[in-house]
Amino acid sequence: MATIVGGIATTHVPSIGKAIAEKKQKDPYWQPFFKGFDYVHYWLARTRPDIAVVFYNDHGLNFFLDRLPTFAVGAANEYRSEDEGWGIPVSRPIPGDAALSWHVINSLVADEFDVTMCQDMLIDHAVTIPMALIWPGPVWPVRIVPIEINTVQHPLPSLSRCLKLGRAVGRAIDSYAPDSRVVVIGTGGLSHQLDGTRAGFVNKEFDALCLDKIVAEPETLARISIHDLVQQSGSQGVEFLNWMAMRGAMTGRVSELHRNYHIPISNTAAATVVYGNEPEMRRKAA
Amino acid sequence: MQQDIPGTTMFDATQAQKGLALNRMCYSFNSAENRAAFLKDEEGYCRKFGLNEQQQAAVKSRNVLAMIEAGGNVYYLAKLAGIFGLNVQDIGAQQTGMSVEAFKAKLQSAGA
């Protein structure tokens, strides 16, 4: 059976891709962010997942605004990236797990989440940068199932809906027969705003609230409206929707194992977290 | 959708409809060939994508706030900015009327 070993969430600011390419991890500007991944690497060496389910938002690489799904699930055995137009390096392809993707899609639709199915899907920096941060080696040790959430064109799905989507994905993984160890990943955030005269807005207090509540009380955060999320977290801080889905996908007892928070990376309040997920069944047996 | 958050334009149904042509042009800038074609004949390229006068003027002025007013979405506008070697900190500075150094310093102090 598949086991959900835990969750990781991290910021996906494009300039991180440049910093990696230019080997700036130890520069004073970047070091406080990159050092947050030491624990991630240590934890992965112990938990050894072989599949990653990645909740993220596309920024105009695979999807344009003319035909924009609210939720889309990749169903390919390989995902390529391409030029996004703003001069960041293009990642090498990432292997997919089409079998788990189709299992998740079947399970989600049966669960009344009518997702868009993508047998061919380009992944952008919101997948490739977290992957490069989490697995910096020359070979990807995991296959991915990318799940895309619209955080660009309103109406966006609510925090509550994304938490429920995550829970449905978690149920799907829990019912997957092949032995596999799955880590769930949420990318983007935390507070930031790129557009308007409020560009550069970050909100340390609100981010702290999100990080404090997401582990044990995600329902409290799920009551926040999209309007209020934009107000508190910035126009692009709404990427926290990906974090809520990641949190929902952890179906066991969840605990915070690691938190790194740093302002700024570019215009963004950057955060990296690791959550443990102790399956309920194992807990009962113990 | 309510547009009541200061300094913030929600990219909602109104903006999405208004900006479709402008954002479609910016989407085309994922391709290096299209970026080169824009640089070669900017006005012709804007016409090809059906930009209205307001959008053409906003692009010509390089003014990001004017592009947002014309329906531009910042993720797409960033692809246009990239043609001129500008990143989100450069356009953040432009929109807030600050120097890039002052804009970066403001973010640094938010973390202190």
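Two residues are in contact here if their C-beta atoms, placed from the backbone, lie within 7 Å. By that rule, 33 residues of chain A are in contact with 40 residues of chain B. On the chain A side, the elements that give two or more residues are α9 (226-233) and β9 (253-265); helices (H or I, at least four residues) and strands (E, at least two) are DSSP runs, numbered from the N terminus.

Welcome to a predicted model, in which local features need pLDDT of at least 70, side-chain atom pairs count only at pLDDT 80 or more, and totals for chains, interfaces and linings use all residues. Residues are numbered from 1 along each chain as its sequence is written, while chains are lettered from A and ligands numbered from 1 in the order in which they are written.

In chain B, helix α8 (residues 88-96) and helix α9 (residues 100-111) pack with their axes 8 Å apart, at an angle of about 100 degrees. Axes are lines fitted to C-alpha atoms, for helices over the stretch in contact, and angles run from 0 to 180 degrees between N-to-C directions. The two helices, α8(B) and α9(B), are therefore roughly perpendicular (65 to 115 degrees). From α8(B), the contact uses B:Q89, B:D90, B:G92, B:A93 and B:T96, and from α9(B), B:V100, B:F103 and B:K104.

Finally, look at A:I185: leaving aside neighbours within four places in sequence, A:I185 is in contact with residues including A:G7, A:V53 and A:M246.

Methods: Parallel < 35°, antiparallel > 145°, perpendicular 65-115°, else oblique.
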